[in-house]
Structure formats: C-alpha cells, structure tokens
Amino acid sequence: MLHRLLAWLPAGARNLLKRIPGASEARDRLYGRPKGLKAPPGSLRPVVYLPTWLEWEVMKQRPQYLLEALAGAGHTVWFVDPRLGEERMAGERIHLVPSIRPTPGAGVIVYTHFAPTQTLIDRFTDTVVVYDLLDDLAIYEPNEEGLPAERTVKHHHRPLVEEADVVLASNPVLADRHRTEREDLVLVENGVDLDRFTPEGPVAGSLPEGRIVGYHGAVAPWFDFDLFTAIANLRPDLTFVLVGPIDPDAEDRADKLAKLPNVTLLPAQSSDQIAEFVRGFSVGVLPFVIDEMTEAVTPLKMYEYLACGVPMVATPLPACVREEVVQTAHDPASFAARIDEALLLTAAERQDLRNHARTASWDRRVTPLLDRLESLGLRSVD
C-alpha cells in the first residue's frame, strides 16, 4: 500500500513531500474513509486515534498510555498507523489498524494531539472530539520550517481548540497558557504504568556494570549536554548511561558525549523492554535545559523512575519541583551532590518512591477526562 511506503520514508524525505502543493490532501485520501459499524445506542463510544508519527510499541508516550487507560475504562480503541501491514490486537479492546477504513464511521470519540489531523475528523459523523495538548506548540516549529501554512500546527490549532468537545492539557503551566483559548480546558497530568514499571523483574543485560546514573528518552536539543558532561567529569567513578533515540539536531553533541570514558549511549528500546533498563539504574536523571518549552513539560520518565524505586535528580522544571521526592539542582556541583545523596537511599526509602508513584497511575490520571465526558453526556452512543 502506498500510504505504508510513505509512512516508512525517512523524516527528511517526508518533510520534502509535505512542501509539495496538494501533498497533504493526497495523503489524506490514502487513509480512506471509516466503514465500520456504529456501536449500539447506550454503549460506550469507541475511541479512534488518527495517524501521526507514533507507533504503538515504540517509545510509548502519553497518547498510547491514555488510550490504554480508556480501554481499561471500557472503551474500544482503534489506533491507526499506516506502517502496519495488517490489523491486529494489542489487548482486549485495542485494535491496531493500517487505515481509517476498519474504524466505526459514526458515534466515536476522536482523540488527537496533533492539530493538522483536523482534516480527517469530518470523515466521521456523530463525533466527539478530544484535543490533547501534550507540549508547548513551539516544539513543532523546527520541523515545520518551509512548510505551507496550512500544513502547520499553528494553522490548525485555534480552529481545533474551538471545535473540540473536550480540550486537555498535560501540565498546569501548559493549561494556564491555553486557558484563555478555552476556559473549560481539563488538566489531565501525565502518569505511569505501574504494572510495567516495577522494582521487581529482569534487568537489561546490555547495561554496563557498576553504579549507573541513567536517563531514558529522546536525546534532543532540550537535553542539557553541557550540564551532563560536567557532571560525568565530576564523578568519574560512576557510569552514565543514556537509553533512547538521538534527535538529528543533537547528533554532534551526543557524539561528543559518547567519547567520555564513563558515558554509554544505548539505542531506543521497545516499550516492553525499557523498564528492564530503568531497573538497572542506581539513580535516574533528567537534565533538561530550562526554557519556555520545557517549563510546560511533565516528563513521563519522572514517574517511571519512581515507580521502579529509582531515586531521581533533575534540573528544576516546575513539574519536578512540585514532586517532594524528586531532588533538583541547576549546576554541576549541586547536581553531582544530589546524585551522591540518592545513591545512599535505603531499600525502605526506595519503596517509598514506588508508593509515591502510585498516586500517578494512568487509571487515576484519566479520571478527569472520563468525568468531563460523562458530565457532557458524551461517553456513550446516543
């Protein structure tokens, strides 16, 4: 199928195609139209995830976890990913499908976090639209340089905010920034899969030996390379490990980091395996640059470290400062000192971290969304 081939093109090639006039319209036609049957009246509305760059099993992020939580609350979920060869199940109620065609054509909840997918929403009827603001919109701008205006997030964002039945935000700072656009915006903070991220279980065999100061996630421009390099130099007796994909804009700096004798970079791991790496960390770190974009971030990895009983040290992002069990520091010396303190935590203190993470389980986090849908009479099919 042509749409699968397009989805597998390198990011650079896809960006070039986006600049061709009419390319987005042609792509949307390839996704097809929904032909599935509407759910019976009174039943919970199915949830349809419109296609983006996300894959179900690769670097599972907030959207996949929220969809799992919705499935756990009784909703059937349809996750559209053109890279799939065929339809398959990813749980009792989660359908992974290569196009929109198998999804119900009416009576659905369309969940989207990427505003340009707005062009696909009108293919459904009797639709409830949930628009999820994951990050500050500035995060999309580097990849949109040179695109026609109608292909950008900014172009579609305001109309989608106005059209959506429910607008979510992942972080209090982000919610405050967008509440002037939508007064009834719902705060649904990030959470953790407590069944996947546990202190007990296997540890990845590819981790180096010794006391590991670990990070998992994208190694991207918002990663504070200068701070991390200085900390690694201050603690040559510790092993520093980064697990995750390297953003093309950060490759040169990541290459320099990898040359340090006590730093190891490991590739991205499947969502089913990442907990094995986190369990092997003696301390988890989150050394992000503090700027307008990262101030509106609540990193999933914060709760994933804690759920595995791994103490955490971070730069003072507002989301990290709010968590009393997370240590924060802004300069190399104090950051290294906080790592030293974290290494001394007892088993009981590490169990307390796990207990703290329980308050952020996804089944709890999804409750404000379910409550809002219920209060509007939109969870069930009319």
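Author: A residue counts as buried when its relative accessible area is under 20%, as exposed when that area is over 50%, and as partly exposed in between. The model is predicted, and within it threonine 152 has a relative accessibility of 13%, so this residue counts as buried. Threonine 152 sits in the loop that runs between strand 6 (128-133) and helix 6 (153-163), and a polar atom of its side chain lies 2.7 Å from the backbone oxygen of alanine 149.

Turning to the salt bridges, the structure holds 18 of them. In one of these, arginine 88 pairs with glutamate 57, with 3.0 Å between the closest N and O atoms. Because arginine 88 belongs to strand 3 (residues 88-89) and glutamate 57 to the loop between strand 1 (47-49) and helix 4 (62-72), the pair ties together parts that are 31 residues apart in sequence. Arginine 88 is partly exposed, at a relative accessible area of 36%, and glutamate 57, at 30%, counts as partly exposed.

Another salt bridge, at 3.3 Å from N to O, is formed by the side chains of glutamate 189 and arginine 322. This pair links distant parts of the chain, 133 residues apart, with glutamate 189 in the loop between strand 8 (186-187) and strand 9 (212-216) and arginine 322 in helix 12. Glutamate 189 counts as buried at 19% relative accessibility, whereas arginine 322 counts as partly exposed at 41%.

The side chains of aspartate 226 and arginine 253 also meet in a salt bridge, at 2.6 Å from N to O. Aspartate 226 is part of helix 8 (residues 225-234) and arginine 253 is part of helix 9, so the pair ties together parts 27 residues apart in sequence. Aspartate 226 is exposed, with a relative accessible area of 53%, while arginine 253 is partly exposed at 40%. Elsewhere, salt bridges with shared partners join Lys38, Arg45 and Asp126 into one network.

Helix 9 (residues 251-258) also holds aspartate 252, which is exposed at a relative accessible area of 60%. Together with Asp249, Glu251 and Asp255, Asp252 forms a negative surface patch.

Glutamate 323, finally, is buried but has no salt bridge, and the nearest side chain of opposite charge, that of arginine 365, is 5.0 Å away. Glutamate 323 lies in the loop between helix 12 (318-322) and strand 14 (327-328), and its side chain is joined to that of histidine 356 by a polar contact of 2.6 Å.

Key
Residues are numbered from 1 along each chain as its sequence is written. This is a predicted model: local features need pLDDT of at least 70, side-chain atom pairs count only at pLDDT 80 or more; totals for chains, interfaces and linings use all residues. Side-chain values use heavy atoms; hydrogens and water are left out. Patches are made of residues with over 30% relative accessible area and no salt bridge: like charges are joined within 9 Å, nonpolar side chains (Val, Leu, Ile, Met, Phe, Trp, Tyr) within 5 Å. Accessible areas come from the Shrake-Rupley method with a 1.4 Å probe; for residues, only the protein chains shown count as cover. A salt bridge is a side-chain nitrogen of Lys or Arg within 4 Å of a carboxyl oxygen of Asp or Glu. Lys and Arg count as positive and Asp and Glu as negative; His and the chain ends are not counted. The place of a charge is taken as NZ of Lys, CZ of Arg, CG of Asp or CD of Glu. Helices (H or I, at least four residues) and strands (E, at least two) are DSSP runs, numbered from the N terminus. Buried means under 20% relative accessible area, exposed over 50%, partly exposed in between (1.4 Å probe, protein chains only). A polar contact is a pair of N or O atoms within 3.5 Å; within protein, one must be able to donate a hydrogen and the other to accept it, and residues adjacent in sequence count only if both atoms are side-chain atoms.
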